[in-house]
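This report describes a protein and its ligand for a reader working from the sequence and coordinates. It takes up individual residues, the ligand site and selected helices and loops in turn.

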Amino acid sequence: MDKTEEDMRANCGVLRRYRDLLPITSATPMISLGEGSTPLVHSRYIGKTIGCEELYFKLEGCNPSGSFKDRGMVVAVAKAMEARSTTIVCASTGNTSASAAAYGAYCGLRTVVLVPKGAVASGKLAQAIAYGAQILVVKGNFDQALELVRELSNSHPITLVNSVNPHRLQGQKTAAFEVVDVLGDAPDYLFIPVGNAGNITAYWMGFSQYFAMERIARRPRMMGFQAEGAAPIVLGHPVEHPTTIASAIRIGNPASWRQAVAARDESGGRIDAVSDEEILAAYKLMASREGIFCEPASAASVAGLMKSARDGLDLTGKRAVCVITGTGLKEPELAAQQAAAPPLEIEATLAMVEQALDLVAMG
Ligand code: F0G
């Protein structure tokens, strides 16, 4: 591909940009809501504090529905349309349902989403409502909702668009391609939150595909992080009642468990747990020191990076990428709750503004 063609493709969505590396046929509709081509931002603060000069954040919250899910959803929905499916379904902790609802609306499909009761961030639910999905609030957790949609799609002509649909991971692997396309090589380490374990699996697929094509000379170590109260892979057994402030990764029995363990082991990486306190500290630091407002689940990757550095991982001279999976705007209440004090209210006069800011009037 020559440079102009590559530039032209860069902002035309995942299907066109990576058409040669995706399971696309002449019958696949080349739909796009502008997903992919997300920024890779150089850290100005956290990297320095841990001795890693080349730390980057992959801002997946910049995707059209505000999370990385859009990369996989565009492929899953295009393939569903190719197969003449008219209904899609998913279980979700919020982001998958927002993404499915967006692409479902765009393509005129009936979209059904099952979400665990009281466990989805307000912005994600608002998206599913606005996009017009049929929302079923399940009196149970995510794992139970996933079981239900698996059964439903087995007995009805309905396409399941959770990450157990292989087209989802095909689309999500494009984030690994983009990291390499920007850096010119693979990073030494990739830090990523782990919930249902699809994304870590997809990144590993992407890096492995580029490695097989000799686009990179080596693959990164995959560093996955679960929340302490929802850490089945770390514990080595399912967690029946997962708990964590990071609702997006409140999952007790990940669908891609085996593949995530393979990615960890083949890459010489780790899957570890971080506490809610560590997640919240990273969430605040990302916004206040890096200018990146992410959701708590996304902060798990940053918390994991900082924990690894504290535990002695030497990142001097290494290149690391943290995947920031979703935007903090999904859950604005959390930021407000975390504020030290409510914003100051003043009368609408310059004098009051100056007084509030401890500024002396210039006369
Ligand atoms: N970060 C965010 C913001 C997520 O929404 C998710 C998963 C993950 C990380 C973990 O990714 O599941 O591929 O390991 N959210 C799913 C959902 C489960 O339903 O939106 P994973």
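## A buried loop residue: T325

T325 has a relative accessibility of 7%, under the 20% cut-off, and therefore counts as buried. The model in which this value was computed is a predicted one. T325 is located in the loop that connects β10 (319–324) with α15 (332–338). Its C-alpha atom is separated by 15 Å from that of R168, and the two residues are 157 apart along the chain.

## The ligand site

Which backbones place a polar atom 2.7 Å from an oxygen atom of the ligand? One is that of N196, through a backbone N or O atom. Another is that of A197, where a polar backbone atom and a ligand oxygen are 2.7 Å apart. The backbone of G195 contributes as well, with a polar atom 2.8 Å from an oxygen atom of the ligand. Taken alone, the ligand exposes 470 Å², and the protein buries 99% of that area.

The largest cavity is the space taken by the ligand.

Is S99 buried or exposed? Its relative accessibility is 0%, so S99 counts as buried. The side chain of S99 is joined to that of D70 by a polar contact of 2.5 Å.

## Helix α9 and the residue after it

Helix α9 spans residues 174–183 and is mostly covered, with eight of its 10 residues buried. The buried positions in α9 are T174, A175, A176, F177, E178, V179, V180 and L183. The set includes E178 as well as F177. Directly after the helix comes G184, which has a positive phi, near 85°.

S37 has a phi near 50° and is placed in the loop between α2 (14–17) and β1 (40–42). With a relative accessibility of 25%, S37 lies between the limits of 20% and 50% and therefore counts as partly exposed.

E214 has a phi near 60°. The relative accessible area of E214 is 71%, over the 50% limit, so the residue is exposed.

S247 is placed in the loop between α11 (232–235) and α12 (257–267). Despite this loop position, S247 counts as buried, because its relative accessibility is 7%. S247 and F142 are 105 residues apart along the chain, and their C-alpha atoms are separated by 9.9 Å.

Y283 is found in helix α13, which covers residues 276–290. With a relative accessible area of 4%, Y283 is buried. Between Y283 and A300 the C-alpha distance is 8.1 Å, at a spacing of 17 residues in sequence.

## V353 in helix α16

Where is V353 placed? It is part of helix α16, which runs over residues 350–356. Its relative accessible area is 34%, and V353 is therefore partly exposed. V353 and K48 are 305 residues apart in sequence, and 35 Å separates their C-alpha atoms in space.

Polar backbone atoms of G195, N196 and A197 lie at the stated distances from ligand oxygen atoms.

Terms used: Residues numbered from 1 in each chain as written. Predicted model: local features only at pLDDT ≥ 70, side-chain atom pairs only at ≥ 80, totals over all residues. Heavy atoms only, no water. Polar contact = N/O pair within 3.5 Å; in protein donor to acceptor, adjacent residues only side chain to side chain. Areas by Shrake-Rupley, 256 points an atom, 1.4 Å probe, with all protein chains shown as cover. 1 Å grid on protein atoms, 1.4 Å probe; cavity = no way out; pocket = protein on both sides within 12 Å on 5 of 7 lines; lining within 4 Å. Sits in = over half its atoms within 2 Å of the grid points. Buried < 20%, exposed > 50% of the residue type's maximum accessible area, 1.4 Å probe, protein only. Helix = DSSP H or I, 4+ residues; strand = E, 2+ residues; numbered from the N terminus.
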